[in-house]
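Please look over the sequence and the 3D view before reading on.

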Amino acid sequence: MTITILNALIAVVGGVVGAVVLYWILNKLTELLPSKPQELIKPYVFILPAFAALGFYLVYPFFQTVIYSFANRNSTEWVGFDNYTALLGSPGFQTTLINTFLWILIVPTFAIIFGLIIATLADRLRPTGEKISKTLIFLPLAISAVGAVAIWRLVYNAVPANQSQTGVLNAVWTLFGGDPVNWWQISDGKLNSFLLMVILIWTQAGFAMVLLSAAIKGVPTDTLEAARIDGAGEGKIFFSIVIPQIRATMLTVFITVLIGVLKTFDVVYVATNGNFGTNIIALNFYQALFVSRNAGQAAAIVVILMLVIVPFLIYQIRQFRAEEAAR
Amino acid sequence: MRIKSRQGRAIGALLTAGLVTVLTAGCLQQSGDNGGSSASGGADDGTVTIMYGFTDSSSDQFKAEIKKFTDAEGINVKFEPTPDFNTVISTRVSGNSAPDIAIFPQPGIMKSFKDQLTPLTDIVDKSNLDKMVPGIVQAGQIDGQQYALPMSLNIKSIVFYPKGPFEQAGYTAPATLADLETLTNTIKASGTAPWCFGIESASATGWPATDWIENLLLIQSGPEVYNQWVSHEIPFNDPKVVAAADTMNKLLLTEGNVNGGRQSIASNNFATAANPMFNTPPACYMYRQGNFVARDGGFPDTVLSNLDSTVGVFPMPGQTAADKPVLGGGDLASVFNNTENVKKVMNYMASADFGKDWAKANGFISPRTDFDKSNYPNELTKQMAGFAYDSTSFVFDGSDQMPGEVGSGSFWREMTAWISGSEDEKTALDNIQASWPAS
């Protein structure tokens, strides 16, 4: 134990001191140059370590992944587009793609809707009430996804009819004379996927609420007063005055939650492990790499995931630039 | 230069990406020779590192059992238990920091490290292996060479029943598979579901169903066909396997045969599925599962405290009364780095002395047929161990030997889909066949 702590200390101190020394040496080296080229080179020298780290840990693995996606399961031989055709041709992966699209559309949308409703309503409470209600709504964000599923298992659980029901939903359902329903097994109309999305929305709504609440408070009160004087109702004010002014925040929240959703794996892994047609892309990747031990196919899934994310990233950056330009 | 058109920038980016791709394109791994795993640090200082996949009390018992020997011998042992064994071991091996000894729960995973493992020919005395249940020794072989040593045994073809009510109702243990079907129908006619069944096991949901298919295939078609099926010499959806699935369908999935009905199976946890068996009156009478459900976390505590008076067992019967095939599994110890100390520890694990205290704590069944049965804490365990020691053939759990995408992927998944009713039997078996990796 003491050794572990000592190691951690050495790593922290060594890392910080090392970085300082490195920059100091780099600085000294550039100062040896005459002043004209020095000015020119210095920024690059300072950006180099960060750039190198990004290159080694992000850019290089990115290209390596793309390359592996064209190789076989042990990355020893080229197979061309086989991994992609096999994936896109399998009904399992098609379900995964459809589910993933549903997840990225529904979860961020509902997280924002709920976040917005809560933020607006909490805004009208007295300060203590607002603080308490917002803290409560924010709490689920602090729970890990695995913990959240464990909690929601107590809601969705199903037990044979002759035993007492441990799931809230079935306890209520059987109270009204129904037979226990295995909620997580019902794939009709993607019901089970939606039930799993509820879990993630539950954790993400708090995040959306915090940002949106700040944005709502930032709406200038004179615009609201002007609207009131002109005789606008509360609904009209909300949709025509408040929403347009917090549009940028809503977009940021949407994209942030969306990227989180694309990386979501734990909710489905713990709940159904992708059974009953609930698989999503990050879990599918895990299964390809760690269950099937097929590196080629796993890499291909990641590349597809990347292709799905990129348009959203570009859109967000564009939007961000437009905001900056408008300012 | 500074002001570029959008197309210009896009072309530039594409060119850069293409260039990097071409430059790194030669970077596929060299096949085969990853070598060097014997060069890891553990080999020099005499410390033996052991990695394994069981945790909690099993881990403590295992440690105590090993320490008894190593403390006396003056060997330093480092234990590395991990609940996520399969993932961790593959990262460690590819990272060239494999443990000295790894205890694999699945021969399939063990076999994928053939190139990195040291054969046990010169490590473990053959006399030790000869004393073990034959089928499990074979599970540790690759192409006839011994790569893994069976450390413990579990027996999966056991049917548990609630002793009192079962005997009061006049039911008797069936001698043949046909008798089992008759018994199933008799119990059903009495108005109670004959079977308890549940295959939910979090992210491993589905595996208890694979044991059923394996068990029935073994009973109906024999160990040769079973092993051909496991090694994919016959297709996964061979007519003989279809026959096994049909029998399973008849025994379990017929309306009224399972407590809670077919829909409850996929959400009913395997460890607790048998608990309604101990209600008064029982909600079901039979549960086919491994010996491990009669331990902590399985049967209710009240049952565990009077195991011998409340629980009865019979082995899954063969086609004839003389036929006693047994499906089982076990933990297999393999060596990555061979040293003198590793050799000592391996031979100790192979000896009849290993596991005495662990067995007394109701956590261990020895693969050695000459293990002193008085170490088992109750009659039930003695009986169950006896099934394995007296078996006419013992085969290792098939899904644990198949490639990962089948054995812990499609086989689990498709069984779950079939049982929950979202696929029919033929589609499920055909899908598993289609998922078998090409090479």
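## A sheet in chain B

Strand E8 (residues 158-162) of chain B and strand E10 (residues 284-289) of chain B run antiparallel and are joined by 3 bridges. Helices (H or I, at least four residues) and strands (E, at least two) are DSSP runs, numbered from the N terminus. Within this pairing, Phe160(B) stands opposite Tyr287(B) in E10(B).

Both strands belong to an open sheet of 4 strands in chain B, with the order E9-E10-E8-E11 and mixed pairing. Two strands count as paired if DSSP finds at least two bridges between them. At the edges are strand E9 (193-195) and strand E11 (311-315) of chain B, each pairing on one side only. From one strand to the next the twist averages 25°; axes are lines fitted to C-alpha atoms, for helices over the stretch in contact, and angles run from 0 to 180 degrees between N-to-C directions.

## Basis of the model

This is a predicted model, in which local features need pLDDT of at least 70 and side-chain atom pairs count only at pLDDT 80 or more, while totals for chains, interfaces and linings use all residues. Residues are numbered from 1 along each chain as its sequence is written, and chains are lettered from A and ligands numbered from 1 in the order in which they are written.

## Domains of chain B

The domain assignment gives chain B domain 1 (37-153 + 330-371) and domain 2 (156-327 + 398-435); such bounds come from an automatic or database domain assignment. The C-alpha centres of these two domains of chain B lie 30 Å apart.

In chain B, 8 residues of domain 1 are in contact with 9 residues of domain 2, contact meaning that the C-beta atoms, placed from the backbone, lie within 7 Å. The domain 1 side has 3 nonpolar, 5 polar and no charged residues. Ala, Val, Leu, Ile, Met, Phe, Trp, Tyr, Cys and Pro count as nonpolar, Asp, Glu, Lys and Arg as charged, and the others, Gly among them, as polar.

## Where chain B touches chain A

Between the chains, 31 residues of chain B are in contact with 28 residues of chain A. Elements giving two or more residues to the chain B side are helix H1 (6-24), helix H3 (85-94), helix H11 (262-265) and helix H17 (404-419) of chain B. H17(B) gives the most, with 6 residues. By class, the chain B side has 8 nonpolar, 21 polar and 2 charged residues.

Terms used. Two residues are in contact if their C-beta atoms, placed from the backbone, lie within 7 Å.
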